[in-house]
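Subject: Structure handover

Hello,

Here is the structure I promised to pass on. Please open it beside this message and follow along.

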Amino acid sequence: MNPIIRFQNVTKRFGALTVLDNFNFEVQRGEKVTLIGPSGSGKSTVLRILMTLEPFQDGLLETDGISYHEPNGRGPFKASEKHLHKIRCNVGMVFQSFNLFPHMTVLRNVVEAPVAVLKMKREEAESRATELLRMVGLSDKKDHFPSQLSGGQQQRVAIARALAMRPRVLLFDEPTSALDPQLVGEVLGVIRDLASEHDLTMLLVTHEMRFAREVSDRVCFFDKGRIVEQGEPERFFSNPQQPRTREFLSSILGEQEPIRESISCAR
Ligand SMILES: Nc1ncnc2c1ncn2[C@@H]1O[C@H](COP(=O)(O)OP(=O)(O)OP(=O)(O)O)[C@@H](O)[C@H]1O
Ligand SMILES: [Mg+2]
């Protein structure tokens, strides 16, 4: 089966800094994959490249069979808006800082992109948005503005907004790390529900190890632009092979006892 995400020898530099050096990585259709790793290792860069928010200098990338290079061979940074649009229709992203439109109500935040980008009829977009807001537990907030919501509620709107575009691949970049600990559980609960959808491919960057263990088909430990170790979560967490993975896990798990408890009593 063809992978839905395929990085082949992708190199990404910011000036003199090489963040990805011949990076190879594949995700299968419907797979739920977690990327963990130290700060500055390049995890967000991987997601931002997939979302077309960052160009890359070398290598090949495709999602759902569509290359980030244009068919006429122009480089990834020179792809036309029309081509980038095609890629963006497949990929959705949820950011650490929610990024909602502050001047729009919750409902409009979810409705705007399908109307503007997918040319969906407004009534249809509204009925779908209403359904998605119900799914994330926010039916009663649809006429509120983002500033009137808690961080956890804002993040749930952001998830509904990403889903409204019907992406095949959904990217999450530390979706709970800007939240107060007591709000983490409600957002993880929504993501956990989504993870049970077979067709949706999910790539998550998270520091919530217990959550990663629960929802992922595969956990990848990423450091300095490379995947150092990866595997099925049970084996990965109970028996990490690489010294760097062990070191990272013991540093992060040591900090997480209180958060773990808040997850177990969520929802
Ligand atoms: N726009 C940019 N311009 C220059 N350097 C950048 C830019 N974005 C990221 N970098 C650098 O690229 C490297 C990888 O950054 P990235 O944000 O992908 O790391 P990360 O693994 O997501 O870290 P964190 O866990 O802290 O979010 C870092 O050294 C960062 O400083
Ligand atoms: Mg990051």
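First, a term you will need: strands are DSSP runs of E, at least two residues long, and they are numbered from the N terminus. N22 is found in one of them, strand β2. Keep in mind throughout that this is a predicted model.

Stay with N22 for a moment. Its phi is near 50°. That is a positive value in a residue other than glycine. N22 has 43% relative accessibility, so it counts as partly exposed; buried would mean under 20%, and exposed over 50%.

R166 shows a phi near 50° too, again positive in a residue that is not glycine. Look for R166 in the loop between α5 (151–164) and β7 (169–173). Its relative accessibility is 46%, so R166 is classed as partly exposed.

Next, the ligand. Which residues surround ligand 1? They are F14, L17, V19, P38, S39, G40, S41, G42, K43, S44, T45 and E174. By class, this shell has 4 nonpolar, 6 polar and 2 charged residues. Both β2 (17–27) and α1 (43–50) supply at least two residues of the shell. The most come from α1, which gives 3 residues.

- K43 has a polar side-chain atom 2.7 Å from an oxygen atom of ligand 1.
- S44 places a polar side-chain atom 2.8 Å from an oxygen atom of ligand 1.
- T45 has a side-chain N or O atom 2.5 Å from an oxygen atom of ligand 1.

On its own, ligand 1 has 640 Å² of accessible area, and the protein covers 59% of that.

Now turn to helix α2, residues 81–88. Which of its residues are buried? H83, L84 and I87 are. Seen down the axis of α2, these buried residues fall within an arc of 100°, so they line one face of the helix. The face turned away from that buried side carries the exposed residues E81 and K82. What covers the buried residues of α2 includes α1, β4 (58–63), β5 (66–67) and β6 (91–94).

Last, N109. Its place is in helix α3, residues 106–116. Is N109 buried or exposed? Its relative accessibility is 1%, so N109 counts as buried. Leaving aside neighbours within four places in sequence, N109 is in contact with L100, F101, M104, P146, V157 and R161.

Best wishes

Note on methods
Residues numbered from 1 in each chain as written. Chains lettered and ligands numbered in written order. Predicted model: local features only at pLDDT ≥ 70, side-chain atom pairs only at ≥ 80, totals over all residues. Heavy atoms only, no water. Near = heavy atom within 4 Å. Polar contact = N/O pair within 3.5 Å; in protein donor to acceptor, adjacent residues only side chain to side chain. Areas by Shrake-Rupley, 256 points an atom, 1.4 Å probe, with all protein chains shown as cover. Helix = DSSP H or I, 4+ residues; strand = E, 2+ residues; numbered from the N terminus. Nonpolar A, V, L, I, M, F, W, Y, C, P; charged D, E, K, R; others polar. Buried < 20%, exposed > 50% of the residue type's maximum accessible area, 1.4 Å probe, protein only. Arc of directions from axis to C-beta. Contact = heavy atoms within 4.5 Å.
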